[in-house]
Amino acid sequence: MATSAEAPQRPEPVELPKRGKRAKRSPIARRQARTAYVFLAPALVFFAIFFYYPIADILNTSMLTGQRTDEFAGMDNYTNAFEDPQARNAFKVTLQFAVATTVGAIVLGMGLAVLINQKLRGSLAFKLALLVPYLTSIAVVGLMWRNILDPELGILNRILSDTGLPTQEWLNTHPVATIVAVTLWMTTGYTMILFLAGLQGIPDVYYEAAKVDGANRWQQFRRITVPLLTPTTLFVSVMAVITGLQAFGQAYIITRGGPGEASDLFVFHIYELAFRSRNFGYASALSVLLLLVIVAFTLVQLRIGRKREVQY
Amino acid sequence: MNERVSDERVTNRMHGERSTRMSARPAINGQWMTRRRMLGVAGGAAAALPLAACGSGAPEAESGGGGGGGTFLAYWNNAHEYEAYKDVVAQFEKDHGVTVELQKFQWEDLRTKLVSDFQSGNVPDVVEEPGSWVQEFALSEDALSLQKYIDKDGAKIGFPDDWLDVAVSDNTHEGQVYGIQMHYTCTLLFYNRKMLDEAGIEPPATWDDFLAAAQELSSGDVSGTVLNDNLSYSYPWMLQNGVHEYDADSGELLQPRAAAMEAMQFQRDLVHRHKVSPKPTTSLDVTRAAKFFAAERTAMILTGPWDIPIIKESNPDLEYGIAPALKGKRQATVAGGTTLFVPAKAKSPDLSWDFIKRITALKTETAATEESSMLMPRKSWAKESAVQENPDVKPFTEGLPYAEEFRTGIYTTGKAGELEDIYKTLYESMLIEGADAEEAFAAYDDAAKNILKG
């Protein structure tokens, strides 16, 4: 039993490191940090050579102009970008594409994941069937859908015509919607798997408790599934926006950016400027602007996502 | 706060333990991904594609055979690997002790690869190009002047006297020759002999005849004509109305403007008003019209000898005829064909020149024509019996004298690629989308102004 003489002494106040000053590391911690850097070095070298140097080079090139990209242009390429109607059109088309593919990826991916999570017979085959398009190259997918959708030579119109239905010419009349649909056909399997992983991380006890409280299926989906999938939804939306803004193969293979400039995706526009027009300076400036847009979108999405993340 | 929550902890929490944030965050290597990590992944991915788009398409190969071993690298069109050239290549390899690697591309991919090579400085030894790049690359100092070789060997190989004048001038920049024309072709009217005979129609000679024939021959699954997806197939119509893409004297585009609008409107009307041609589509496939023709789903197309192998392979029994180019305000057609040139940074230009001489020798040209019906730029070639007696080739030898370039001089703007892009937009907006000529040309002018000021 503690006596007054043995009364516990107040602990010595711990001196915390002052704000702005780093705590002094122990020799062991320093050694561990050195070891960590040694292991990280190959990756850092790889990223420095293949990511950061090209980015620095593109920043440099974006301030040059001329056929040989050797005349200093200062910020002219950037100011031109804001006045260029073709660049503005490409950006508008790309935004439409990115928004549509992102919303589509979330709705279809989540919907299919919920369906497939019902432990139905044959769900593995269903998962595989949905995932195969994602494993296929955009070149193959693009050519396949081009051949299917060609208004005159395509298989789809042959079938529609043989069955007496009106034929389509979506490649000409709705080129952006067509490449959005092809992209979703290709990527939905992947987003479904991500949502499925998220769904399987939600404990059954929530649903059991909700059932006891009398919640129906729709209420369970709205109040439990959707909120608890917020981190997955955030991840899917961030990745879908990034890949949507960077999309290239769809325009290159399926529509060639046309008709006219109707499906001129931004990266395809950059490609055309660089390799057809040999305007590497301007193409580099547009690449830098795209990078900034993507980073800005990502930060906004993360901020919104963090606010909506739920706790139980 | 720890964002990783095991099922056990969640279960405990449900039984009254303090709340921990629940997360179904995606995982990498068994670790839940934090926001910062996620942003890192996202940022890395963001940077990757625009940069990756600047990559090249084909596998790299060691370049620059200098004789006595090594690889001699040639970029070639994927449709032009004729047996006649294979024999020449075999002899070249034997004589110089090198291995010739012909890397084959479609034109668009070849350009992407080549422009990447120019940027990197790692270039091939010789390049076949589609007939409009040599002057552009001469202007940008990426092509090597062949003048010193021509001064030395020209008389021996018959250059320039034995080449058609336009085949020389199209490869000349500031008085120096930068490329040697390898093929020289033009576009003429192909027609289905049986369909025209059955309808009692003579091959059309004028635009009006063409429209009347197309209307007469359109029925059911068969369309009177098929306008090609590729914008270059609109050039003959423009030339027949006296229009060129660029007027070097005034610096103006698509002049005379009224004639340009009329020519484009005529093509638009074939599709949208008279409905004698299906709408073109946006694709890389320039053989679409030939496929319709071979399948006997159209009676007439405008094309060149490059489509003859496709037509014959697809439908060997098809009886077709080749008529002279149509007359609008005048009779004209577009000259085309490919040129061989040497990149300025090629490692062994002497070897490259020897390769060009062999490929463009009269004997090689004649053998290639016998094999493929391809047309060649030498005047003496046209007199060869193999050419005179070939029914697929003879009409073209008669068409070449009035064939001309549509894009003459446009390379001097330094904006040939960008101007071609806006012409493509003009072509597609009118022929595919059915845009009004006034509106489409106004948009073209706005875009051109923006390009030329830059």
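Me: How do you know how far to trust chain A?
Reply: On a confidence scale from 0 to 100, the mean pLDDT of chain A is 88, and 91% of its residues reach 70 or more. Residues 1–6 of chain A are below 50, and beyond near neighbours in sequence this stretch has one contact in the model. Where pLDDT is low, the predicted coordinates should not be read in detail.

Me: Why is B:Met195 called buried?
Reply: The cut-off is 20 or more other C-beta atoms within 10 Å. B:Met195 has 20 such neighbours, so it counts as buried. B:Met195 belongs to helix 8 (residues 193–199) of chain B, and it touches B:Leu217 and B:Ala299, leaving aside residues up to four places away in sequence.

Me: What makes B:Leu326 buried, given a place in a loop?
Reply: The count of C-beta neighbours decides. B:Leu326 has 22 of them inside 10 Å, and therefore counts as buried. The loop in question runs between strand 15 (320–323) and strand 16 of chain B. Among the residues that B:Leu326 touches are B:Leu189, B:Trp207, B:Phe210 and B:Gln240.

Me: How do you know that the length of helix 3 of chain B agrees with its number of residues?
Reply: Helix 3 covers residues 83–96 of chain B, which is 14 residues.

Me: Why are the buried residues of helix 3 of chain B said to line one face?
Reply: The buried residues are B:Tyr85, B:Val88, B:Val89 and B:His96. Seen down the axis of helix 3 of chain B, they fall within an arc of 100°, so they line one face. The cover over these residues includes strand 4 (99–105), helix 14 (349–359) and helix 15 (362–372) of chain B. The face turned away from the buried side carries the exposed residues B:Glu83, B:Lys86, B:Ala90, B:Gln91 and B:Lys94. After helix 3 of chain B comes B:Gly97, with a positive phi near 65°.

Me: What makes strand 9 and strand 18 of chain B edge strands?
Reply: The sheet is open, with three strands in the order 9-16-18 of chain B. Strand 9 (185–186) and strand 18 (403–404) of chain B each have a single partner strand, so one side of each is left without a neighbour in the sheet.

Me: How do you know that strand 16 and strand 18 of chain B pair?
Reply: At least two bridges are needed, and strand 16 (residues 333–336) of chain B has two with strand 18 of chain B, in the parallel sense. In one of the bridging positions, B:Thr333 has B:Ala403 as its partner.

Me: What makes strand 12 and strand 13 of chain B a pair?
Reply: Three bridges join strand 12 (residues 244–247) and strand 13 (residues 252–255) of chain B, against a requirement of at least two. The strands run antiparallel, and B:Tyr246 stands opposite B:Leu253. Four residues lie between the strands of this hairpin, where B:Gly251 takes a positive phi near 75°.

Me: How do you know that domain 1 and domain 2 of chain B are in contact?
Reply: Contact needs C-beta atoms within 7 Å, and 13 residues of domain 1 of chain B are in contact with nine residues of domain 2 of chain B. Helix 5 (residues 134–139) of chain B gives the largest share of the touching side of domain 1, three residues.

Technical notes. Residues numbered from 1 in each chain as written. Chains lettered and ligands numbered in written order. Predicted model: local features only at pLDDT ≥ 70, side-chain atom pairs only at ≥ 80, totals over all residues. pLDDT = per-residue confidence, 0-100. Contact = placed C-beta atoms within 7 Å. Buried ≥ 20, exposed ≤ 12 C-beta atoms within 10 Å, placed from the backbone. Expected span 1.5 Å × (residues − 1). Arc of directions from axis to C-beta.
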